[in-house]
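Trainee: I would like to learn how to read a structure feature by feature. Could we work through one together?

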Amino acid sequence: MRFDLQRLVRPKIRDLRPYSSARSEFSSSADIFLDANENSFGSPAGLDLNRYPDPLQAELKKEIAELKKISADNIFVGNGSDEAIDLLIRIFCEPGRDNLIVCPPTYGMYTVSAAVNDIAVVSVPLTSDFQLRPDAVLASATPKTKIVFLCSPNNPTGNLMRLDSIIDIAEGIEGVAIVDEAYIDFADTPSLIDEIGRLPNLVVLQTLSKAWGLAGARLGIAFASSEVIGLLTKVKPPYNVGSLAQRAALAALTCKDEVDSWRAAIVSERSRLADRLAAITGVDFVHPSDANFLLVKFERADALYQSLIAKGIVVRDRSKLELCSGCLRITVGTPGENARLLSAIAEFYSNSEAEAVAPRSGKNL
Ligand SMILES: *Cc1c(COP(=O)(O)O)cnc(C)c1O
């Protein structure tokens, strides 16, 4: 499928003249800044925040580019991946007219962001073993389909999508193929960002919220052709990533070794936790995971969920999603947290077994 970006982008966006901020109009050096109505006297609490942040995050992009071995021109940095998701929908989908494809069960923000922007959602569910159905995805696409969201490793199922399925969809679809790799750091497979040069309609999303431990800073990254990055840069709010977030990200990127050792620890805890869970009576199935969480099918999942909350442990109830009945999604915690979780679950099932046999003992008659 030949990809025609100019035809795909909303005309309003293609013709948009972006807001030009004080800091982006100036590029040489100066030592007196009277251009942006900031407080020249300083910022309280010594945080050094009286100046607006770099709207193009040049220093941060340079570090990300080095780490990911890609040009800074192929990088967009946003206020979480959620900002990139919303901006991509607004760039390509005409409200009230266009649609996008999602493959549930998957991350809920694609559908929420679509609804906020008045974009119809076409659902092409995963197979029962949580894999994509490329033929069904391509058959569901119409000229109004501007985006397909793929998530690999997928949330909440935890597994990687087959690479050939992702490629078939990206190559076969006329719109943009967005592959959300929020959990790629926990998977034993390379990122798709290497395919960006070959597939002009591919956008890869990553985030510093998971493996990099910066969920509170709000930093998402989109990798794409420089043309798509140009569109994202054009429509984004000028100062979409604050100075604190940029500084936090720069600091984190210097701690690659520490992050790598956490990642290894999380991956090994994941398999230990999966084994222990599988051995508990009442656990029906532990889905294989390439992420930092496990999707687990339990007997009486609702009651277990409530009993965990009563013990101060909160997991994610995913049992109402299609293909996920009886399933809770559990983030891999520290060894101590996982031990408490395991004993709370074991206790729940041994108590309910005791209750079930109680009448037969005659005590309750
Ligand atoms: C957690 C998560 C994200 C991250 O979103 P941020 O806005 O970057 O925190 C993105 N996609 C998926 C599938 C996720 O689970």
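This is a predicted model: local features need pLDDT of at least 70, side-chain atom pairs count only at pLDDT 80 or more; totals for chains, interfaces and linings use all residues.

Trainee: How many helices and strands does the protein have?

Mentor: There are 13 helices and 11 strands. Along the principal axes, the C-alpha atoms fill a box of roughly 85 × 55 × 35 Å.

Trainee: What share of the residues counts as buried?

Mentor: Burial is read from relative accessible area, with buried meaning under 20%. Of the 365 residues in this protein, 48% fall in that class. The exposed surface comes to about 17900 Å², and carbon and sulfur atoms supply 53% of it.

Trainee: What part of the contacts comes from residues 24 or more positions apart?

Mentor: Taking contacts with a separation of 6 or more, 69% are between residues 24 or more positions apart.

Trainee: Now to charges. How many salt bridges does the structure hold?

Mentor: The count is 19. The criterion is a side-chain nitrogen of Lys or Arg within 4 Å of a carboxyl oxygen of Asp or Glu. One of the salt bridges joins R218 and D82, with the closest N and O atoms 4.0 Å apart. This pair links distant parts of the chain, 136 residues apart: R218 lies in the loop between β6 (202-207) and β7 (220-223), and D82 lies in helix α5 (residues 81-92).

Trainee: Which residues are linked with D260 in a network of salt bridges?

Mentor: The network is made up of D185, K256, D260 and R263. The side chain of D260 meets that of K256 in a salt bridge of 3.1 Å, N to O. D260 also forms a salt bridge with R263, where the closest N and O atoms are 2.0 Å apart.

Trainee: Where do negative charges gather on the surface?

Mentor: A charge patch is built from residues with over 30% relative accessible area and no salt bridge. Here D54, E59, E63 and E66 gather in a patch of negative charge. E59 sits in helix α4 (residues 58-68) and is exposed, with 58% relative accessibility. For the protein as a whole, the mean positions of the 39 positive and 46 negative charges are 4 Å apart.

Trainee: For contrast, let us take A274. Is A274 buried or exposed?

Mentor: A274 has a relative accessibility of 16% and therefore counts as buried. A274 is placed in helix α11 (residues 256-278), the helix that also holds D260 and K256.

Trainee: Which residues is A274 in contact with, leaving aside neighbours within four places in sequence?

Mentor: Those are V286 and L294. As a check on distance, A274 and K61 are 213 residues apart along the chain, and their C-alpha atoms are separated by 37 Å.

Methods:
Residues are numbered from 1 along each chain as its sequence is written. Side-chain values use heavy atoms; hydrogens and water are left out. Patches are made of residues with over 30% relative accessible area and no salt bridge: like charges are joined within 9 Å, nonpolar side chains (Val, Leu, Ile, Met, Phe, Trp, Tyr) within 5 Å. Accessible areas come from the Shrake-Rupley method with a 1.4 Å probe; for residues, only the protein chains shown count as cover. Lys and Arg count as positive and Asp and Glu as negative; His and the chain ends are not counted. The place of a charge is taken as NZ of Lys, CZ of Arg, CG of Asp or CD of Glu. Helices (H or I, at least four residues) and strands (E, at least two) are DSSP runs, numbered from the N terminus. Buried means under 20% relative accessible area, exposed over 50%, partly exposed in between (1.4 Å probe, protein chains only). Contact means heavy atoms within 4.5 Å.
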